[in-house]
Amino acid sequence: MTAGSSARPAPAAEGIGESSLAAVGARPVAIETTLAAQVQDLVAAGNAQAARDLFAQIVTRQQRRASRIAWHYLRDAADADEAVQDAFVKAYTHIASFQRNLSFEVWLTRILINGCLDRQKARTRRSRWMMPAADAGRRDQDAIERATRPGDRSPEDLLMAREWRDQVTAVVKRLPGRQRTVFLLCHYADHSTRDVAEMIGLTESTVRVHLFRAIRKLRTAMEGRHHAI
Amino acid sequence: MRSEPRIAPISGTHLSDDQLMETYVLAGENRHLALCRPCKTRFDDLVRVLEHVREDAVREADQVFTAERLHHQRDRIVRRLERQGHPADVVPFPTRASGHPVVRVLGPARRWVAAAAAAGMAAGLFLGFAVDRRTHYAAIVPALQTAATAAAWQAAIATDDQFFREIDAALMGSSRAVELRAIDAMTTPVEIREASYPR
């Protein structure tokens, strides 16, 4: 069950019906999982073109969600874009090892998170020896500001909203590794604690503990701060 | 999911902040919230703030990853998948056309010059070797060893990232780490420019 679902409806699973229940957990089978199984069969049969065409449909359905996760993990659009590309390519390359009783979304996210972690480590190593160009993050901020419609709010509101967002981003960035990962996946990407446990190899109760601590830190840091809602 | 029995006011009055967050994380019903208006208001406040955090994060990511960017991303993924099925063509080294052997004709003078140059080089090597064989060997061997070590080291470094890993390992494991760190502290990091990225 997704955290907070007593206050908001749980995310609708894109299932193909109660009649097609996964073997594990009795969850409806998502369309992506069904498509992935078909891709697997096509690859095994040697029909590479058809497999790629079908996999492209999976990409279309999953790329936005994956990009959101990668963006919040890496906070760099170019890095996040490449991480998402790498994850999809890796998933296709290793489609033979995909287990059909699991969710394709969970499997793909696991690949993505591992890729993001590797990129973060590589970035940390590079930062010891090289200084990134000053405008590296500026392009991303420019894109965000251009996309914001100033007509909806006063300049003061926009400024406060931006400050609030910066504060939240800073707090999330300071979270310890596991807490940050759990928070991003549970809260930003709206995955259930159960799915996140599968993605990162922890028990569900441990995931909940990490989520609780992350939320508590966020709540403590945001207390008393003014923000435009 | 049913609420945990322990998520109830300890003092019999109101839920603590931690208990409210616990209720949120467990996504369960809490009977106390149904009975206590102040706690319900605080819980709704918490949910509202957290929901706003989530919606803002989603909005921010979507402002960066626009539909156009996602379209380009998809295209690149598809191209990479297509390239997987078609390994790069190997362009053969240009060879001479058969049936047209190149005939080099050297005049007598050129042949003598070439022979004299070869003889001079051979004599010089022999004399240098004979005059101080031990010094010669002493100079060659470590150079060969260093070259072999360097070659082996270079071969092991496949990417920039691997290069930095090696440096880190050397820095941490070296007995001269103190001197190296001092140099590192004095050295200005190289400023790099990232390649422009299509939006």
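Where is the place of A:Asp190 in chain A? Keep that question in mind, everyone; I'll come back to it at the end.

Some ground rules come first. This is a predicted model, in which local features need pLDDT of at least 70 and side-chain atom pairs count only at pLDDT 80 or more, while totals for chains, interfaces and linings use all residues. Residues are numbered from 1 along each chain as its sequence is written, chains are lettered from A and ligands numbered from 1 in the order in which they are written, and side-chain values use heavy atoms, with hydrogens and water left out.

Let's meet the two chains. Chain A has nine helices and one strand, and chain B has eight helices and one strand. Helices here are DSSP runs of H or I with at least four residues, strands are runs of E with at least two, and both are numbered from the N terminus. Reading from that end, chain A goes α-α-α-α-β-α-α-α-α-α, and chain B goes α-α-α-α-α-α-α-α-β.

How much of each chain is buried? In chain A, 46% of the 229 residues are; in chain B, 23% of the 199 residues are. Buried means under 20% relative accessible area, exposed means over 50%, and partly exposed is in between, using a 1.4 Å probe and protein chains only. Now take contacts, meaning heavy atoms within 4.5 Å, between residues at least 6 apart in sequence. In chain A, 62% of these join residues at least 24 apart, and in chain B the share is 32%.

Next, the aromatic rings. A pair of rings is described by the distance of the centres and the angle of the planes. Rings of Phe, Tyr and Trp (its six-membered ring) pair if their centres lie within 6.5 Å; planes under 30 degrees apart are stacked, over 60 edge-to-face, and the rest tilted. That gives seven aromatic pairs over all chains. Why is the pair of A:Phe55 and A:Phe88 called edge-to-face? Because the ring centres are 6.3 Å apart and the planes stand at 80°. A:Phe55 belongs to helix α2 (residues 48-74) of chain A and A:Phe88 to helix α3 (residues 77-93), so this pair ties together parts 33 residues apart in sequence. Both are buried: A:Phe55 has a relative accessible area of 0%, and A:Phe88 also has 0%.

Another pair, A:Phe98 with A:Trp107, is tilted, at 5.1 Å centre to centre and 45° between the planes. A:Phe98 is buried at 4%, and A:Trp107 counts as buried at 11%.

The rule asks for NZ of Lys or CZ of Arg within 6 Å of the ring centre and within 35 degrees of the ring normal. The charged end of A:Arg180 sits over the ring of A:Tyr73, 5.2 Å from its centre. In chain B, the charged end of B:Arg69 sits over B:Phe65, 5.4 Å from the ring centre.

Now for a hole. The search of the whole structure finds one cavity of 30 Å³ or more, and the largest cavity has a volume of about 130 Å³. Among the 15 residues lining the largest cavity, the closest to its centre are A:His72, A:Arg75, A:Val168, A:Thr169 and A:Tyr188. On a 1 Å grid over the protein atoms alone, a cavity is a set of points where a 1.4 Å probe fits but cannot get out, and lining residues have an atom within 4 Å of a point. Its volume is the space filled by probe spheres set on the points, which are joined across faces, edges and corners. Which element gives the most to this lining? That is α6(A), with six residues.

A:Arg75 lies in the loop between α2 and α3 of chain A and is partly exposed at 24%. Its phi is near 55°, a positive value in a residue other than glycine. Most residues other than glycine have a negative phi.

A:Asp190 is in the loop between α7 and α8 (193-200) of chain A. A:Asp190 is buried, at 18%, and has a positive phi of about 65° although it is not a glycine.

How values were computed. 1 Å grid on protein atoms, 1.4 Å probe; cavity = no way out; pocket = protein on both sides within 12 Å on 5 of 7 lines; lining within 4 Å.
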